[in-house]
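Here is a quick tour of a protein chain for someone meeting it for the first time. Have a look at the sequence and the model, then read on.

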Amino acid sequence: MSDFITKFNKLSLDQIPSKANTIEFPKLNDEQLALSSQFETLSKRLNENDTLTQINDSLRNKTFVVGSVPSRSDLILFEQVFPLASKWTSKEDIAKHRHLLRWADLVQNTLVSVPEPIKIDYDIEIPREIKEKKKPAAAPAAAAANAQGKDASSVKGDAKSDKKKQKGEASQSGQKPYEELTEEEKKARAEAKEAKKAAKAKANAEKEKQKQNEKAASATPPSPAMIDLRVGFIQKAERHPNADSLYMSTIDMGDEEGPRIVCSGLVNYIPIEEMQKRYVIVVANLKPVTMRGVKSCAMVLCASNKDDGVVEFVNPPQGSKPGDKIFFEGYNGVPEKQLNPKKKIWEAVQPKFSTTENFEVIYTEEEGKPPAYLVNEKGEKCKNSTVVGANVS
């Protein structure tokens, strides 16, 4: 199984409907095929009462939907669960869906690539899970003994009973007791466990890296190096359905997840014909904002002159491709994954953007210091068309 996971090329969410049936997953036995069919049916009923609880309980003793191996049903269920699981952030939600979230975290680390992974705080303290058990009516003396606390032998007996029950539940849910597994199945289960540990370790490492980056960013003054400037290609632009002054553009920025939707207030300045099939420069790490019902995931960089109302695109160098890095000379660093609005990084840096007499875009850190030109990796400069001393934003 680990070889399958290692070689598997993760799908994006929008690829699941078209490609899930074409992937050659590990072969399933009759019992696993039945489980797979059951989960695919349940994935269509998430809005019904107790469906999520049923799925969560079924995943209690399983790595993937059908047991220790991944299958098509993991992709189909994940596609439906992901929008819901992304909103489970409270202790109550995490406690209620703990097994479902653990499975979803494994899937997003092994099978599916998502733009914003489900964030799971493994350090959060949630109530211990208690599975209700049916008990026979106790005699008065036994009830009194239970009220005072069980002795060591009764606790030990309960532990054995629980262990047997868990084995029975594992069998009913598609997993055999360990001692009944073949050597190949034992190996597969061990590999699944290792994959789960690796996914958890990766998630923890990413979380720690994010903390370190945030800590470093808080200690570093705002800089153009923190801004993710890239070349984008407008595939299509149209009028925003709910706002007369906005365009809604589909822009390829070189992301693995595909093009982004970007809203721009350019209707009164740039004809829609000039918005089509052209290269632009985008600010790619601003926090997404919803503009009149449409989520805008970047900003197009423009040069403007308030006096005469002229607004122009900042143009990348000839021969540019979507995703090409753009930066100011001397500030070629690793940009923030997403700018924190509370730190006002963009607001601190952007007022120092301008254009020269040759329409080249520059950044002037302080008066008297030579300006830094906006360039690509080859050192080629980015320019607007006609505005000198422009406000660039």
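Before looking at how helices pack, a word on terms: axes are lines fitted to C-alpha atoms, for helices over the stretch in contact, and angles run from 0 to 180 degrees between N-to-C directions. Helices (H or I, at least four residues) and strands (E, at least two) are DSSP runs, numbered from the N terminus.

This is a predicted model, where local features need pLDDT of at least 70 and side-chain atom pairs count only at pLDDT 80 or more, while totals for chains, interfaces and linings use all residues. Residues are numbered from 1 along each chain as its sequence is written, and side-chain values use heavy atoms, with hydrogens and water left out.

**The chain as a whole**

The protein chain has 11 helices and 16 strands. Of its 393 residues, 40% are buried; buried means under 20% relative accessible area, exposed over 50%, and partly exposed in between (1.4 Å probe, protein chains only). Contact means heavy atoms within 4.5 Å. Take the contacts between residues at least 6 apart in sequence: 69% of them join residues at least 24 apart.

**Helices against helices**

| Pair | Angle | Axes apart |
|---|---|---|
| H3 and H5 | about 15° | 9 Å |
| H4 and H7 | about 70° | 7 Å |
| H5 and H7 | about 115° | 10 Å |

To put words to those angles, under 35 degrees counts as roughly parallel, over 145 as roughly antiparallel, 65 to 115 as roughly perpendicular and the rest as oblique. A crossing is left-handed if the near helix is turned anticlockwise from the far one by less than a right angle, and right-handed if clockwise. For residue classes, Ala, Val, Leu, Ile, Met, Phe, Trp, Tyr, Cys and Pro count as nonpolar, Asp, Glu, Lys and Arg as charged, and the others, Gly among them, as polar.

Start with H3 (residues 30–42) and H5 (residues 72–85), which pack at an angle of about 15°. That angle makes H3 roughly parallel to H5, and H3 passes H5 in a left-handed crossing. On the H3 side the contact uses Ser36, Phe39 and Glu40, and on the H5 side Arg72, Ser73, Ile76 and Leu77. Sorted by class, that gives three nonpolar, two polar and two charged residues.

H4 brings Leu52, Ile55 and Asn56 to the contact, while H7 brings Arg98, His99 and Leu100. The classes here are three nonpolar, two polar and one charged.

What about H5 and H7? With an angle of about 115°, H5 and H7 are roughly perpendicular to each other, and the crossing is left-handed. H5 contributes Asp74, Leu77, Phe78, Val81, Phe82 and Ala85, and H7 contributes Leu100, Leu101, Trp103, Ala104, Val107 and Gln108. This contact divides into 10 nonpolar residues, one polar and one charged.

**Loops worth a visit**

Most residues other than glycine have a negative phi. Arg292, in the loop between strand E7 (289–291) and strand E8 (294–296), has a positive phi near 50°. Is Arg292 buried or exposed? Its relative accessibility is 55%, so Arg292 counts as exposed. Lys344 also has a positive phi, near 55°, and sits in the loop between strand E12 (325–328) and helix H11 (345–349). With a relative accessible area of 47%, Lys344 is partly exposed.

Thr356 belongs to the loop between strand E13 (353–355) and strand E14 (361–363). Its relative accessible area is 16%, so Thr356 is buried. Leaving aside neighbours within four places in sequence, Thr356 is in contact with Ile362, Tyr373, Val388 and Gly389. A polar atom of the Thr356 side chain lies 3.1 Å from the backbone nitrogen of Asn358.

Last stop is Glu380, in the loop between strand E15 (372–375) and strand E16 (391–392). Glu380 is partly exposed, at 33% relative accessibility. Not counting residues up to four places away in sequence, Glu380 touches Pro317, Gln318, Leu374 and Val375. The side chains of Glu380 and Asn376 are joined by a polar contact of 2.8 Å; a polar contact is a pair of N or O atoms within 3.5 Å, where within protein one must be able to donate a hydrogen and the other to accept it, and residues adjacent in sequence count only if both atoms are side-chain atoms.
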